[in-house]
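Below are my notes on the model, as numbered points. Please read them with the coordinates open.

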Amino acid sequence: MKTVVYNQFGGTNVLQLTETETPTAGTNEVLVRIKAVSINPIDWKIRRGDMKLMSGSHFPKQVGADFAGVVEAVGSGVSDFSVGDEVFGAVDVMKHGVLADFAAVPVKSIWHKPAQLTFAQAASIPVVGAAAYTALIDIAHIGAGSEVLLNGASGGVGMLAIQIARQQGATVTAVVGPKGVPFARQWGANEVIDYTRQDVRSLNKQFDVVFDLAGKLPFHEAVHLMKDHAVFINPVPTPVGIISTAVTNLVANRKNKMLMSNPNSTSMEYLTKAVENGLHIEVSRTFPMTEVVAAYEYAEKGGYIGKVVIEL
């Protein structure tokens, strides 16, 4: 089968399309014929060697965490899926990758694909959906009447965060670039701010939740935007940050929370229901697997709306 691998840390030029042996489904595993794999920043952070302490330095490595496809075979112990089922899911990209014709994945890591979604849309959900769900539901506990500020809301996480918050009954202020304005409105944001026209720091308003998706609004600059007992969510945790905020949050009135998330049954079942209630998945652009280098170059430049997907 065709598989994308790399044999050293580096830029997009290290990615190679090669032939490898087709895996088989082991106990409690499902063999999936991959139809689509979405691109996430974690992919290139691992490939560049930024996360080698967690990913290790063994090669070859594969790429791609979340995917959608069709069940090709089931291993022993599998009862919830059958050959021919359309599924979506995610693997631990620190250890594995799914950008290949086939992937053998643990049954706990896949779910039935919502029929109304394309494979590209379904593959776009797990990683960013888990992040949005964890931030707003598990950490911030938003509900009807919550006031949420999403800074940098036109990417994959922001796209879902706007819609999750609105489905929960929250009021959403979304900060985006010019291209993102119509999309943020389409996704349901109550107020949309074009950051090229207004600095979010100048807002004369306070929120229950400040989610800094852009990574450009540090906690100390966001405090004046936060109500008493509000939550600030940082999507790029560091070891030092995790330790320091755990200590300061014990006494602080306004909490600074580090976001760590992984797709699981709770978040994916929630998102599947959200899709049934109208959750929209915007795929900015798709690429064939033969153009994997171009796909990652496009994604790593940023500036697109929603998600970038490689189709097989």
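1. His141 sits in the loop that links α4 to β9; helices (H or I, at least four residues) and strands (E, at least two) are DSSP runs, numbered from the N terminus. Its phi is near 55°, a positive value in a residue other than glycine. His141 has a relative accessible area of 58% and is therefore exposed; exposed means over 50%, buried under 20% and partly exposed in between, with a 1.4 Å probe and protein chains only.

2. This is a predicted model, in which local features need pLDDT of at least 70 and side-chain atom pairs count only at pLDDT 80 or more, while totals for chains, interfaces and linings use all residues. Residues are numbered from 1 along each chain as its sequence is written, and side-chain values use heavy atoms, with hydrogens and water left out.

3. His229 also has a positive phi in a residue other than glycine, here near 70°. His229 belongs to strand β13 (residues 226–234). With 63% relative accessibility, His229 counts as exposed.

4. Another backbone point to check is the peptide bond from Phe59 to Pro60, which is cis, with omega near 0°. Pro60 is placed in the loop between α2 (52–55) and β4.

5. Strand β9 (residues 147–151) is largely enclosed by the rest of the structure, because four of its five residues are buried. β9 pairs in the parallel sense with strand β10 (residues 171–176) over five bridges; two strands pair if DSSP finds at least two bridges between them. The bridge partner of Asn151 in β10 is Val175. From β9 the chain passes through α5 to β10, and this β-α-β crossover is right-handed, that is, with the strands pointing away from the viewer, the path from the first strand over the helix to the second runs clockwise. β9 also pairs with strand β12 (residues 207–212), again in the parallel sense, over four bridges. In β12, Asn151 has Asp212 as its bridge partner.

6. Three strands make up an open sheet in the order β2-β1-β4, with antiparallel pairing. β2 (16–19) and β4 (61–62) are the edge strands, each pairing on one side only. Strand β1 (residues 2–6) is joined to β2 by four bridges, and Val5 stands opposite Gln16 in β2.

7. Which residues of α9 are buried? Helix α9 (residues 265–276) has 12 residues and spans 16 Å from its first C-alpha to its last, close to the 16 Å expected at 1.5 Å a residue; the expected span is 1.5 Å times one less than the number of residues. Its buried residues are Ser267, Met268, Leu271, Thr272, Ala274 and Val275. They cover an arc of only 160° around the axis, which puts them on the same side of α9; the arc is that of the directions from the helix axis to the C-beta atoms. The face turned away from the buried side carries the exposed residues Glu269, Lys273 and Glu276. Among the elements covering the buried residues of α9 are β6 (86–90), β8 (110–112), α4 (126–139) and α5 (156–167); contact means heavy atoms within 4.5 Å.

8. At the start of α9, a side-chain oxygen of Asn264 comes to within 3.1 Å of the backbone nitrogen of Thr266. After α9 comes Gly278, with a positive phi near 110°.

9. In helix α10 (residues 292–301), the buried residues are Val292, Ala295, Tyr296 and Ala299. They cover an arc of only 90° around the axis, which puts them on the same side of α10. Their cover includes β1, α1, β15 (283–288) and β16 (307–311).

10. Arg47, in helix α1 (residues 41–47), counts as buried at 2% relative accessibility. The side chains of Arg47 and Glu300 are joined by a polar contact of 2.8 Å; a polar contact is a pair of N or O atoms within 3.5 Å, and within protein one must be able to donate a hydrogen and the other to accept it, while residues adjacent in sequence count only if both atoms are side-chain atoms. Leaving aside neighbours within four places in sequence, the contacts of Arg47 include Tyr6, Phe9, Leu15 and Tyr296.
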